Amino acid sequence: HKAIRRQRQMCIRDRNIRLFKVGLIVISISSCSNKTVQESLLTIDTLLQNKADTLLTTSMIEHQATSGKAIIMETATGYIKAMVGLERKDTLSPFQPTTDFCTPYSTEQRQVATLLAALETGKISLSDTVDVGEGIYISDSDTIKDHNWHRGGYGKITVEWAIAANSRIGEVLIRERAFDDNKSEYEAAIGQIGYGKPDSVKGLDCILNTDVAASKISPIQLITFYNAIANHGRMVQPQLYKDSVAIINPQIASKASIDSVCQTLERTITEGLGKRANTDKTKVAGKGGTIQIGNPDDLTYIMDFCGYFPTNNPRYTILVILEKQGPPASGHIHAAGLFRKIVEQLIQNK
């Protein structure tokens with residue numbers, strides 16, 4: 001009996017170590033033999049998982065982040081090759097693993113979905129212009145400011161540049177031109193292109209939901225949406241276990257609209273705010289964002305960057321999220337830098 005108890009304790013201890021590395025509460029293993037079988041079915045690449053963990057840890061230390069997440073998805077299959085989450089109470093506390101990839105978080109990434117939905121109406125094209133003025137705009141009693149409002153704003157810019165330059169006002173004007181003031185029509189259009197899908201993922205023990213009105217979406221849903229763009233409009237189900245590829249939607253939008261969004265995401269990297277994600281090792285496409293939450297005396301910044309590579313035939317889609325207290329904070333600088341390092345690590349592992 002002592003020998004059996006000892007074996008069970010060793011099994012549990014080894015399981016806990018592996019769960020920390022993988023960062024998922026979903027791997028439920030009751031015995032050593034079952035553990036081997038379960039792990040062989042996982043899509044997680046242990047090497048990539050450990051590399052992503054190291055890069056995320058280093059980035060969080062460098063930028064004094066209190067929370068961070070990184071997901072690497074194989075574009076064609078939806079296989080999740082790495083999924084890492086870390087958090088700490090303050091910059092002096094040790095890192096702890098977090099498994100929350102389902103809760104909606106505040107992000108500016110809805111801009112990409114707004115552009116795609118607007119393009120589908122036929123009322124908007126990339127070459128159309130919008131006037132974002134001096135970077136301050138009143139919409140429904142809300143004051144919207146672009147990141148460069150204190151420098152006089154962008155003025156008249158193209159729809160494409162509005163997204164590449166991360167203009168919040170530009171997104172509002174694109175939405176208003178395509179959908180007028182019909183919020184229900186807009187939200188239906190966003191849902192039609194798959195923003196907020198999937199409803200569940202096998203292995204993730206949580207309920208997935210999104211809040212379009214509050215610009216909130218869960219990490220696993222956001223990377224699924226970007227992955228569909230990388231897949232030329234084909235949305236595949238995220239997979240944590242090796243299985244046949246499951247299609248959520250064979251074509252979330254027309255080829256022309258998808259191509260326009262891809263062009264915009266590439267320009268974001270080459271000319272727009274996403275230059276920090278650029279690398280001379282491959283061509284990437286993507287976009288970042290920065291959201292402030294909390295009161296003026298205690299601001300929390302949520303920075304993210306999502307994209308894919310190589311642009312001509314995407315192999316991986318990557319999402320990184322960093323959260324910290326106080327400035328400096330930028331999704332197009334801090335999160336984009338982490339994104340670039342993960343891309344270069346993936347290329348190195350080829």
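**View 1. The crossing of helices α4 and α9 in this predicted model is right-handed.** A crossing is called right-handed if the near helix is turned clockwise from the far one by less than a right angle, and left-handed if anticlockwise. Helix α4 (residues 110–121) and helix α9 (residues 255–270) pack at an angle of about 145 degrees, and their axes lie 9 Å apart; axes are lines fitted to C-alpha atoms over the stretch in contact, with angles from 0 to 180 degrees between N-to-C directions. Helices here are DSSP runs (H or I, at least four residues), as strands are (E, at least two), numbered from the N terminus. Residues are numbered from 1 along each chain as its sequence is written. Because the model is predicted, local features need pLDDT of at least 70 and side-chain atom pairs count only at pLDDT 80 or more, while totals for chains, interfaces and linings use all residues, and side-chain values use heavy atoms, without hydrogens and water.

**View 2. Residues of α4 meet residues of α9.** On the α4 side stand V112, L115, L116, L119 and E120, which meet S257, I258, S260, V261, T264 and L265 of α9, where contact means heavy atoms within 4.5 Å.

**View 3. Helix α3 (residues 46–63) is followed by Q64.** The phi of Q64 is positive, near 55 degrees, and the buried residues of α3 include L48, D53 and H63.

Notes: Expected span 1.5 Å × (residues − 1). Buried < 20%, exposed > 50% of the residue type's maximum accessible area, 1.4 Å probe, protein only.
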